[in-house]
Amino acid sequence: MLALADCNNFYVSCERVFRPELENKPVVVLSNNDGCIIARSNESKALGIPMGAPVFQIEKQLNRQRVNIFSSNYPLYGEMSDRVMNTFEASVPKVERYSIDEAFLELSGRNEEERLVECRELKGRFSRRTGIPISIGIAPTKTLAKVANHHAKRHSECGGVFELSDSQKCDEILGVTPVEELWGIGCRTGIKLRRAGITTALDLKHADIHWIRREFTVTGMRTVLELRGEPCIELEMEPPAKQTICSAKSFGQIIKEWDPLVSALTAYLTQAVDKLRRQKALTSVMQVFAHTNRHRRDDPQHACSVLLEFPSTDYLPELVCRAVQGLRPHFQEGMRYQKAGVILMELIPRSRRIGNLWEDPEQL
């Protein structure tokens, strides 16, 4: 048996940890350039504020309904995510960090009553330690655990914890779950399934497995088998190594001079190298870029980018020096730069590094 533990409205909940007076008030979090809404509290959802809506289109509505608005703070969300995952890992032996606010927990060797008691205790312990509310869905497979988690969120009588193991109860819930809401079913796949008369998760569960395999490949077949209670997607205790690492952000205000851009690039590289070292990897290719706001047609437009190659390293001072020296000739003073970033590529495990006798040991 597996449990999916998912933080409720994660970005909003992170802001509320430090602003408890916002509890039960409408809150939204904006994208990194404050362009659109990427997170909403339940109160904001009840007001009809749509996800992904451009702020300029609904600014009057936000002001009229006194919605509390926050710019995204990804360093904060990353720190809170680590606190969240550490709490899970201290409570359950086997944990897969699925996303910034979701984790799969392994619960084998317990009966239904023990699972429910353990998850309710975990929910309370989690709230005390992090201040962030969570919902937990329990089921035999990852796909069903996702469905159970959605049910736990939407039905307050569950108390934030719901198990989907009884076959009759499972069919009842799958019968009212639109097929597009299933994990791994995208918009195009949902349209294709509806054209074939498959509109609910229960319809998909009972679909012909050979037709599903032919029309939707092995991925679709796995989803059907998981809906039938057959685990096809194992826990990943170690996340797969990233092939690239990107750190980029829109500036809080327009940058026209070189020195502020250097400060921003240094901050972004520091974040990227931290991820690189946590992956125990090295990089030998780096792209550095900056550009103006492409949506402001009245402003002069300029984009500069450079691709740099060098011996494999994770040494931050060297990477900062290369980034600054590489981008400097392409920078144009006076342009209204709105965004910059770095992308680390050609990543290899640190164990494959080949050094030489003359290297500075501080850089190893």
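**Close-up views of a predicted model**

**Figure 1. A patch of negative charge on the surface.** In this predicted model, E112, E113, E114, D166 and E172 gather on the surface in a patch of negative charge. Helix α5, which spans residues 112-130, contributes the most to the negative patch, namely three residues. E112 has its place in helix α5.

**Figure 2. A salt bridge between E163 and R115.** The side chains of E163 and R115 meet in a salt bridge, with an N to O distance of 2.7 Å. This pair links distant parts of the chain, since E163 belongs to strand β8 (residues 161-163) and R115 to helix α5, 48 residues apart. Both E163 and R115 are buried.

Figure 3. The structure holds 20 salt bridges. In one of them, E89 pairs with R97, and the closest N and O atoms are 3.0 Å apart. E89 is partly exposed at 37% relative accessibility, and R97 is partly exposed at 36%. In another salt bridge, the side chains of R328 and E333 meet at 3.8 Å, N to O. R328 is partly exposed, with a relative accessible area of 34%, and E333 is likewise partly exposed, with 48%. Salt bridges with shared partners also join D82, E89 and R97 into one network.

**Figure 4. F310 in strand β11.** F310 lies in strand β11, which comprises residues 303-313. Its relative accessible area is 7%, and F310 is therefore buried, as the limit for this class is under 20%. F310 and V285 are 25 residues apart in sequence, and their C-alpha atoms are 6.5 Å apart in space.

**Figure 5. M1 and D259.** M1 is placed in the segment before β1 (2-7). The relative accessible area of M1 is 23%, and M1 is partly exposed. From M1 to D259 there are 258 residues in sequence and 54 Å in space, C-alpha to C-alpha.

**Figure 6. Confidence along the chain.** The chain has a mean pLDDT of 87, and 94% of its residues reach 70 or more. Confidence in the chain is highest in helix α9 (residues 201-205), at a mean of 94, and lowest in strand β9 (residues 245-255), at 82.

Notes:
Residues are numbered from 1 along each chain as its sequence is written. This is a predicted model: local features need pLDDT of at least 70, side-chain atom pairs count only at pLDDT 80 or more; totals for chains, interfaces and linings use all residues. Side-chain values use heavy atoms; hydrogens and water are left out. Patches are made of residues with over 30% relative accessible area and no salt bridge: like charges are joined within 9 Å, nonpolar side chains (Val, Leu, Ile, Met, Phe, Trp, Tyr) within 5 Å. Accessible areas come from the Shrake-Rupley method with a 1.4 Å probe; for residues, only the protein chains shown count as cover. A salt bridge is a side-chain nitrogen of Lys or Arg within 4 Å of a carboxyl oxygen of Asp or Glu. Lys and Arg count as positive and Asp and Glu as negative; His and the chain ends are not counted. The place of a charge is taken as NZ of Lys, CZ of Arg, CG of Asp or CD of Glu. Helices (H or I, at least four residues) and strands (E, at least two) are DSSP runs, numbered from the N terminus. pLDDT is the predictor's confidence in each residue, from 0 to 100. Buried means under 20% relative accessible area, exposed over 50%, partly exposed in between (1.4 Å probe, protein chains only).
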